Amino acid sequence: MKEVQIHPSWKKLLATEFEKGYFQELRQFLVEEKKHYTIYPPGKKIFACFDRTPVEEVKVVILGQDPYHGPGQANGLCFSVSDGIQKPPSLNNIFKEIQDDLNIPIPTSGNLEPWADQGVLLLNATLTVRARSAGSHQRKGWELFTDHVIQRISDEKDHLVFLLWGNFARSKTPLIDQNKHVILSAPHPSPLARGGFFGCKHFSRTNQFLESKGLAPIDWKIE
């Protein structure tokens, strides 16, 4: 984890968390894993969502569960893949909903960095995974860390939009102060959810809320 890049604003907010026992154990677990397995995303991208979206710029939080576990897919932003990588089914469904909601064409690229650059924190609950082994780094300490992240930004910020898709994401509801923030929940965009995600209109609803608070809306278009 020596290669990790993270914006100074997050380093400051999370400084004490990095020193806790569970995080030291997690760090050692990853050191051992890397001796025997390929780990995604690459080391310098593990904290990409924090490096790309400083604390003061966060306006929207999208919560995923695990990084993609196929070669070249995970880039440290939930649901996102790097340029040139085929879009996974859940991401395709997200783009279909955006097209239906806002009449924005489905892009060729699945790289969501333009969202992150506008204040969308694309946070996975677990930040690493063993290659071709979904869920392999769950319950190793990452969830304690990312739960703390959710709670801290809920406490520190005002007028955030949390997009919680699927039962796992919705389970994080108690961490969020709903007197200050809005939660939009829907079934997961995965095809396994049988289309329940479609029609949620979360992208237009997010922008309506942001604008009602005098904040700039998100341009959901990906070139």
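These are my notebook entries on what I looked up in this predicted model.

**Ground rules**

I number residues from 1 along each chain as its sequence is written. Since I'm working on a predicted model, local features need pLDDT of at least 70, side-chain atom pairs count only at pLDDT 80 or more, totals for chains, interfaces and linings use all residues, and side-chain values use heavy atoms, with hydrogens and water left out.

**Entry 1: the pocket**

I started with open space. For a pocket I used a 1 Å grid over the protein atoms alone: it is an open set of points with protein on both sides within 12 Å along at least five of seven lines, while a cavity is a set of points where a 1.4 Å probe fits but cannot get out. Lining residues have an atom within 4 Å of a point. Grid points are joined across faces, edges and corners, and a volume is the space filled by probe spheres set on the points.

The largest pocket holds about 530 Å³. I found 24 residues lining the largest pocket, with Asp66, Tyr68, Phe79, Ser90 and His188 nearest its centre. Which elements supply at least two residues each of that lining? They are β2 (60-64), α4 (89-102) and α7, and α7 gives the most, with four residues. (Helices, H or I with at least four residues, and strands, E with at least two, are DSSP runs numbered from the N terminus.)

Then I sorted the pocket lining by class: twelve residues are nonpolar, eleven polar and one charged. Here Ala, Val, Leu, Ile, Met, Phe, Trp, Tyr, Cys and Pro count as nonpolar, Asp, Glu, Lys and Arg as charged, and the others, Gly among them, as polar.

**Entry 2: Ser90**

I picked Ser90 from the residues nearest the pocket centre. Ser90 sits in helix α4. Is Ser90 buried or exposed? I have Ser90 down as buried, because its relative accessible area is 13%. (Buried means under 20% relative accessible area, exposed over 50%, partly exposed in between, with a 1.4 Å probe and protein chains only.) Skipping neighbours within four places in sequence, I listed Phe79, His188, Pro189, Ser190 and Pro191 as the contacts of Ser90; contact means heavy atoms within 4.5 Å.

**Entry 3: the cavity**

Next I looked for closed space. The count comes to one cavity of 30 Å³ or more. About 80 Å³ lies in the largest cavity. Its lining has 15 residues, and Pro67, Ala74, Gly76, Leu77 and Asn124 are the closest to the centre. By class, I get nine nonpolar, five polar and one charged for this lining.

**Entry 4: the core**

I turned to the largest nonpolar core, which has 63 residues. Such a core is a set of buried Ala, Val, Leu, Ile, Met, Phe, Trp, Tyr and Cys residues joined through side-chain atoms within 4.5 Å. Trp10, Phe47, Phe50, Ile62, Trp115 and Phe145 touch the most other members.

Ile6 counts as buried because its relative accessibility is 9%. Ile6 and Phe50 are 44 residues apart in sequence, yet 5.6 Å apart in space, C-alpha to C-alpha. Neighbours within four places aside, Ile6 is in contact with Lys11, Phe18, Phe47, Phe50 and Asp51.

**Entry 5: salt bridges**

Side chains of opposite charge can pair when their charged atoms come close. How many salt bridges are there in the whole structure? I count eight, each a side-chain nitrogen of Lys or Arg within 4 Å of a carboxyl oxygen of Asp or Glu.

Lys172 pairs with Asp147, with the closest N and O atoms 2.7 Å apart. This pair links distant parts of the chain, 25 residues apart: Lys172 is in the loop between α7 (166-170) and β6 (182-186), and Asp147 is in helix α6 (residues 142-156). Lys172 is buried at 8%, whereas Asp147 is partly exposed at 22%.

Glu156 and Arg152 also pair, at 3.1 Å between the closest N and O atoms. Both lie in helix α6, four residues apart, about one turn of the helix. I also noted a network: Arg52, Glu113 and Asp117 are joined by salt bridges that share partners.

Last, I checked Glu32 and Lys35, whose side chains meet at 3.0 Å, N to O. The two lie three residues apart in helix α2 (residues 21-36). Glu32 is partly exposed at 32%, and Lys35 is exposed at 56%.
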